[in-house]
Amino acid sequence: MCLDELRMRRRRNEAPLLAAAVPAEQLTADEALLRKEGISRALMVLLNQLTPPQRVAYVLHDLFSVPFDQIANVLGGTVPAAKKHASRARQRIAGAQPVEHVDPGAHLIVEAFLAAAETGDTRAMIQVLAPDSVRDADAALLPRGARTHVVGSTAIATETRLFRDRIRAACPITVDARSMYLIAPGGHPLATLEFVTTGKEITRIELRPAERGHVYTAPVASTAS
């Protein structure tokens, strides 16, 4: 049934929607499902890039250990073809391009900031932000009249408290071979968060809209989890 639905969407040329184009009630339902079932947000984003046969073969074999002869029956093809679909899915998820090096220390600093942002802990956010740090955001992602350019750790931390729900929907991922975070409510890409660190402090945060042309692959430092 899932395969039939995926194929039907493809025949109607329905590409996976960005969060900005998804009805609010669907986003809410998808987000509730992700949190209730403990489903990986990054994995949902990655799966949405696969063709229907690739998605079915990957999920059934790699996640549920279903034998390839059964998968071939589901797909209506041969065992070698089913194996090829799963292999191609792994390649697309892992990414074929070389990715940038990720500094483990910088990763921990960013994780500390996001953990504080999720709870609205202004003091903890300020501790990992440089005093003259900058937050630059696309106007389309902000409420009308909000500043796109914010300077100073206190100002950034104070404003970030207003976006706790978005921070909770962020996950580490590789976007076009660059390591960053993706805000993906319900598993639907909304915006990218990129951090620049110097020493033990965050010096710059950039918030940009997610785009259809972006290629998402598994995060550099870990698997899609």
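**Entry 1: salt bridges**

I started with Asp-165 and Arg-168, whose side chains meet in a salt bridge at 2.9 Å, N to O. My cut-off for a salt bridge is a side-chain nitrogen of Lys or Arg within 4 Å of a carboxyl oxygen of Asp or Glu. This is a predicted model, where local features need pLDDT of at least 70 and side-chain atom pairs count only at pLDDT 80 or more, while totals for chains, interfaces and linings use all residues. Residues are numbered from 1 along each chain as its sequence is written, and side-chain values use heavy atoms, with hydrogens and water left out.

Both Asp-165 and Arg-168 lie in helix H10, three residues apart, about one turn of the helix. I take helices (H or I, at least four residues) and strands (E, at least two) as DSSP runs, numbered from the N terminus.

Next I looked up accessibility, with buried meaning under 20% relative accessible area, exposed over 50%, and partly exposed in between (1.4 Å probe, protein chains only). Asp-165 counts as exposed at 57%, and Arg-168 as partly exposed at 33%.

How many salt bridges does the rule give? The count comes to eight. One of them is between the side chains of Arg-178 and Glu-194, at 2.6 Å, N to O. That pair links distant parts of the chain, with Arg-178 in strand S4 and Glu-194 in strand S5, 16 residues apart. Arg-178 is partly exposed at 40% relative accessibility, whereas Glu-194 is buried at 19%.

I also noted Arg-204 and Glu-206, whose side chains meet in a salt bridge at 2.8 Å, N to O. Arg-204 is partly exposed, with a relative accessible area of 28%, and Glu-206 is partly exposed too, with 24%. Elsewhere, Glu-31, Arg-35 and Arg-41 are linked in a network of salt bridges.

**Entry 2: aromatic rings**

I then searched the whole structure for aromatic pairs and found two. Here the rings of Phe, Tyr and Trp (its six-membered ring) pair if their centres lie within 6.5 Å; planes under 30 degrees apart count as stacked, over 60 as edge-to-face and the rest as tilted.

Phe-113 and Phe-195 are edge-to-face, at 5.9 Å centre to centre and 65° between the planes. Phe-113 lies in helix H7 (residues 104–119) and Phe-195 in strand S5 (residues 191–198), so this pair ties together parts that are 82 residues apart in sequence. Are these two buried or exposed? Phe-113 and Phe-195 are both buried.

The rings of Tyr-181 and Phe-195 have centres 6.0 Å apart and planes at 85°, so this pair is edge-to-face. Tyr-181 sits in strand S4 (residues 178–183) and Phe-195 in strand S5, so the pair ties together parts 14 residues apart in sequence. Tyr-181 is buried at 6% relative accessible area, and Phe-195 counts as buried at 15%. I wrote down Phe-113, Tyr-181 and Phe-195 as one aromatic cluster.

**Entry 3: helix H9**

My next stop was Ser-153, which is in helix H9 (residues 153–160). Ser-153 is buried, with a relative accessible area of 9%. What does Ser-153 contact, leaving aside its neighbours within four places in sequence? I found Ile-126, Leu-129, Ala-130, Pro-131 and Ser-133, where contact means heavy atoms within 4.5 Å.

The buried residues of H9 are Ser-153, Ile-156, Ala-157, Glu-159 and Thr-160. Seen down the axis of H9, they fall within an arc of 165°, so they line one face of the helix; the arc is that of the directions from the helix axis to the C-beta atoms. These residues pack against H7, helix H8 (122–128), strand S1 (129–137), strand S2 (149–151), helix H10 (164–168) and strand S6 (201–209).

**Entry 4: strand S1 and its partners**

I finished with S1, which is mostly covered, as seven of its nine residues are buried. Which way do the partners of S1 run, parallel or antiparallel? S1 and S6 run parallel and are joined by five bridges, while S1 and S2 run antiparallel and are joined by three. My pairing rule is that DSSP finds at least two bridges between two strands.

For reference points on the strands, I noted that Ala-137 stands opposite Leu-207 in S6, and that Asp-136 stands opposite His-149 in S2. In a regular strand the side chains alternate between the two faces of the sheet.
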